[in-house]
Amino acid sequence: MSIMMSSPSGPGESSLDRPHSARIWNYWLGGRDYYPADKEAGDAMARIIPGVVDSARADRAFLGRCVRHLVVERGVRQFLDIGAGLPTAGNTHEIAQRLAPESRVVYMDNDPLVLAHAQSLLIGTPQGAARYVEADLRHPDGVLERAAETLDLTRPVALMLLGVLNHITDDAEAGRLVRHLVEAVPRGSYLAIAHPTDEVRGDVVHEAMWRYMKRGGTPTVARDRTRLARFFEGLELLEPGVVPCAHWRPDPSAPSASPEFATVCAVARKPARTRR
């Protein structure tokens, strides 16, 4: 469950003795870039919600399918991945550039530890570009300014907000930030969101979040599909709409998804012309 992936916390707020979203995510995905506080928090959440690790991996698999669809079926060649967290297997630029080497990808995070580690691992194709830069979702003008150093914002861009909007706990503020970003990119751009939900076993999801925050983790919130759908108002939702991550255009050969789910997602296109 990407209750935590990366978070809009400022520099200095991510000490090693407190759990951090990007490092917990890395631990759940089988990575090595985490500390004891992250493992303890991740294990504690897994005890409360036994399927949390499977949900985190389903969220990661959604990223791969989403990028492949946008590159192959929609012709997207630019990605802005906000709140990207620590690099793991199957990163956005790896998938996109494998399919279209000229793809350009900008990752954004506001954690100096994430940025320092990411820069040492980031290898893109000579034909395209892949950069990690420091920016904060809560300051969208700064996000767009840094993105424009690598991306051509007059051409379609895929905005990737996976596991980060849950750290903007106020619905009105989260909606304002999403609208600001969407309005700044041209028509034909796309918005992809993955978000923790409390639709299944909401009581244990809320308890897990409360325990995480009690340990010093960044404030976080779960939203159901109705609340998530509001972020896509005015956009053209791609099929199958707002669904559990494992159900978004699943690979035919993949095992059937569990009926329980902890994250929901959707992808939408900014329409070519204003609707009347």
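Is aspartate 136 buried or exposed? In this predicted model, where local features need pLDDT of at least 70, side-chain atom pairs count only at pLDDT 80 or more, and totals for chains, interfaces and linings use all residues, residues are numbered from 1 along each chain as its sequence is written. Side-chain values use heavy atoms, with hydrogens and water left out.

Aspartate 136 has a relative accessibility of 13% and therefore counts as buried (buried means under 20% relative accessible area, exposed over 50%, and partly exposed in between, with a 1.4 Å probe and protein chains only). Aspartate 136 is located in the loop between β3 (129–134) and α6 (140–147). Its side chain reaches the backbone nitrogen of arginine 138 at 2.9 Å, a polar contact being a pair of N or O atoms within 3.5 Å in which, within protein, one must be able to donate a hydrogen and the other to accept it, and residues adjacent in sequence count only if both atoms are side-chain atoms.

The secondary structure of the protein chain consists of 9 helices and 8 strands, where helices (H or I, at least four residues) and strands (E, at least two) are DSSP runs numbered from the N terminus. Of the 276 residues in the protein chain, 55% are buried. Among contacts between residues at least 6 apart in sequence, 76% join residues at least 24 apart; contact here means heavy atoms within 4.5 Å.

The mean pLDDT of the protein chain is 81, and 75% of the residues score at least 70; pLDDT is the predictor's confidence in each residue, from 0 to 100. Among the elements of the protein chain, the lowest mean pLDDT (62) belongs to helix α8 (residues 202–214), and the highest (98) to strand β6 (residues 236–237). Over residues 1–14, pLDDT stays under 50, and for this segment the model has 73 contacts beyond four places in sequence.

Tyrosine 27 belongs to helix α1 (residues 21–28) and is buried, with a relative accessible area of 19%. Leaving aside neighbours within four places in sequence, tyrosine 27 is in contact with Tyr34, Asp38, Lys39, Gly42 and Asp43. One of these residues, lysine 39, is 12 residues apart from tyrosine 27 along the chain, and the two C-alpha atoms are separated by 6.7 Å. In helix α3 (residues 52–72) is glycine 64, which counts as buried at 6% relative accessibility. Glycine 64 and glutamate 94 are 30 residues apart in sequence, with a C-alpha to C-alpha distance of 9.6 Å.

Serine 103 occupies the loop between α4 (92–99) and β2 (104–109). With 0% relative accessibility, serine 103 counts as buried. The side chain of serine 103 reaches the backbone oxygen of alanine 100 at 2.8 Å. Not counting residues up to four places away in sequence, serine 103 touches Arg77, Ala96, Gln97, Gly128 and Ala129. Glutamine 127 lies in the loop between α5 (112–121) and β3 and touches Pro101 and Glu102, with residues up to four places away in sequence again not counted. The C-alpha atoms of glutamine 127 and glutamine 97 are separated by 8.9 Å, although these residues are 30 apart along the chain.

The peptide bond from glutamate 239 to proline 240 is cis, with omega near 10 degrees, and proline 240 lies in the loop between β6 and β7 (243–244). Arginine 249, in the loop between β7 and β8 (263–269), has a positive phi of about 45 degrees although it is not a glycine. Arginine 249 is partly exposed, its relative accessible area being 32%.

The second largest pocket has a volume of about 380 Å³. Of the 20 residues that line this pocket, Arg179, Arg230, Phe231, Glu233 and Gly234 are the closest to its centre. On a 1 Å grid over the protein atoms alone, a cavity is a set of points where a 1.4 Å probe fits but cannot get out, whereas a pocket is an open set with protein on both sides within 12 Å along at least five of seven lines; lining residues have an atom within 4 Å of a point. Grid points are joined across faces, edges and corners, and a volume is the space filled by probe spheres set on the points. Helix α7 (residues 171–184) gives the most to the lining of the second largest pocket, with 8 residues. By class, this lining has 6 nonpolar, 3 polar and 11 charged residues, where Ala, Val, Leu, Ile, Met, Phe, Trp, Tyr, Cys and Pro count as nonpolar, Asp, Glu, Lys and Arg as charged, and the others, Gly among them, as polar.
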